[in-house]
Amino acid sequence: MKSLPPEEYKVGPGAYFALAFAAVFFSGLLGGKEWYGVFDFTTLNGAFGKVVSKASLQDGTLTTATSAFRGSGGSGAMDGFLFALGLIPAVMFALGMINVLEHYGALRAARKLLTPLLRPLLGIPGTTGLALIGSLQSTDVGASLTRNLADEGQISENEKDVFAMFQFSAGAMITNFFSSGAILFTLVAIDGTAAVPTSIGACIAVMFIMKIVGANMMRLIVRFQTKAPVTTPAEGEA
């Protein structure tokens, strides 16, 4: 029996539901300690616990300080190994979830819905939609899903380069911004006015637009390199 190319498979209501679930699951919208947190990637991925890193006795009172399982003061390859160890659960969990969602047609629905938007905007197919959404919350999720798409031949090398540039600019934009930059919006000047004369939404919009600009700059570079003539090495050169 002759198999159909991926874009010709039928996309039913179940595939669109799987795509909607994936978008919410990887977006972080349901994050938190409420019951609906079970439908959020970051919540289910969890975090390592704390360990006691320092203890001191002051005036008869024992005081302790805690830190992550990596401890404090680490450096070099040893600390890098522990950091990489912390990435393994997120990557494996993300790949497992995307395989389940792909089985139910989420990627086919993404290709059909998002290709008309992402192709002219970034020059990438709609199948990258889930990786794009995931990259806004977690660099690990975006990288692992992109690698999976490349290994399956869903995106070309040039498309992977362009998409990597989109993710590299302001990586994990939503998570990093709200965990660090958003605190600045609560500061006020001496006269009581806001210290940051803009809104959170405006800052997010600027970052997202510049991600698109960066991706299109890479898109132009890749296009010019593709058109450049290939030179053969001279005789005797390696």
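Predicted model: local features only at pLDDT ≥ 70, side-chain atom pairs only at ≥ 80, totals over all residues.
Two packed helices are described by the angle between their axes and the distance between the axes. Helix α1 spans residues 13–27, and helix α3 spans residues 76–103. Their axes come within 10 Å and cross at roughly 165°. Angles over 145 degrees count as roughly antiparallel, so α1 is roughly antiparallel to α3. The crossing of the two helices is right-handed.

The α1 side of this contact is formed by A18, F21, A22, F25 and F26. These residues meet F93, A94, M97 and L101 of α3. By class, the contact of α1 with α3 holds nine nonpolar residues. No polar and no charged residues take part.

Helix α3 also contains D79. The relative accessibility of D79 is 17%. Buried means under 20%, so D79 counts as buried. Beyond its neighbours within four places in sequence, D79 is in contact with R70 and G74.

The side chain of Q154 makes a polar contact of 3.2 Å with the side chain of R111. Residues up to four places away in sequence aside, Q154 touches E102, L107, R111, P125, T127, L149 and E159.

Key: Residues numbered from 1 in each chain as written. Heavy atoms only, no water. Axes fitted to C-alpha atoms, helices over the stretch in contact; angles between N-to-C directions. Helix = DSSP H or I, 4+ residues; strand = E, 2+ residues; numbered from the N terminus. Parallel < 35°, antiparallel > 145°, perpendicular 65-115°, else oblique. Left-handed = near helix turned anticlockwise from the far one by under 90°. Contact = heavy atoms within 4.5 Å. Nonpolar A, V, L, I, M, F, W, Y, C, P; charged D, E, K, R; others polar. Buried < 20%, exposed > 50% of the residue type's maximum accessible area, 1.4 Å probe, protein only. Polar contact = N/O pair within 3.5 Å; in protein donor to acceptor, adjacent residues only side chain to side chain.
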